[in-house]
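These are my notebook entries on a few look-ups in one model. The entries go residue by residue, then to a pocket and a sheet.

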Amino acid sequence: MREDLESILISTEEIQKKVKKLGEKITEDYRDKDLMLICVLKGAVMFMTDLAQSIDLPLDMDFMAVSSYGNASKSSGVVRIIKDLETSIEGKDILIVEDIIDSGLTLNYLVDILKSRGPNSVKICTLLDKPEGRQAPVEVDYMGFDVPNEFVVGYGLDFAEKYRNLPYIAVLKEEIYK
């Protein structure tokens, strides 16, 4: 383990096992529907890639970049669209794929925006949920792991754009982000 990490919270094997199970459940739930995965960049890219390969259905994918973090370690509460979808979602069954739900501010905003565009349904799949940090209500439909209120990195999650390439979820040492 790297010296800037406090501990490994979720191993690569645990992540892969959970992603496979989520993919099987989504396959079952979305059979005969027009599924579109929407990846929330950049943090959910690794999760979305693995999840899409675990779903045994034809599906569309698109990407959005929505930010409330910047380089800060705490949510700013200000949400802005950095990159919007390239295709229409009207009549589609949307599954938002997120890396982590913390304050819920970003997802709450995103769900409202997407629902206003006429999809058949909008649901949420997140790899990690940090319920202690919740500031806005979010209904999670598919969830990988509950995590404690620690600063986590890896498998797409970053601190100042670093650590995304770790194949596991780790707790970052406090002296790195304080």
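The model is predicted, so I kept to its limits: local features need pLDDT of at least 70, side-chain atom pairs count only at pLDDT 80 or more, and totals for chains, interfaces and linings use all residues. Residues are numbered from 1 along each chain as its sequence is written, and side-chain values use heavy atoms, with hydrogens and water left out.

Is Asp129 buried or exposed? Asp129 counts as buried because its relative accessibility is 8% (buried is under 20% relative accessible area, exposed over 50%, partly exposed in between, with a 1.4 Å probe and protein chains only). I noted a polar contact of 2.7 Å between the side chains of Asp129 and Arg134 (a pair of N or O atoms within 3.5 Å; within protein, one must be able to donate a hydrogen and the other to accept it, and residues adjacent in sequence count only if both atoms are side-chain atoms). Leaving out residues up to four places away in sequence, Asp129 touches Ile101, Arg134, Val140, Met143, Phe145, Asp146 and Val147 (contact is heavy atoms within 4.5 Å).

Next I took Leu22, in helix α1 (residues 12-29). Leu22 is buried, at 8% relative accessible area.

I then went to helix α3 (residues 105-115), where Leu105, Thr106, Leu107, Leu110, Val111 and Leu114 are buried. Their cover includes β2 (35-41), β3 (60-67), β5 (93-101) and β6 (121-129).

Which element gives the most to the lining of the second largest pocket? I found that α3 does, with five residues (a pocket is an open set of points on a 1 Å grid over the protein atoms alone where a 1.4 Å probe fits, with protein on both sides within 12 Å along at least five of seven lines; lining residues have an atom within 4 Å of a point). Among the lining residues are Leu107, Val111, Val122 and Ile124.

Last, I checked an open sheet of three strands, order β1-β9-β8, with antiparallel pairing (strands pair if DSSP finds at least two bridges between them). β1 (5-10) and β8 (152-153) are at the edges with a single partner strand each, so one side of each has no neighbour in the sheet. Two bridges join β8 to β9 (residues 169-172), and Val152 has Val171 in β9 as its bridge partner.

Conventions:
Helix = DSSP H or I, 4+ residues; strand = E, 2+ residues; numbered from the N terminus.
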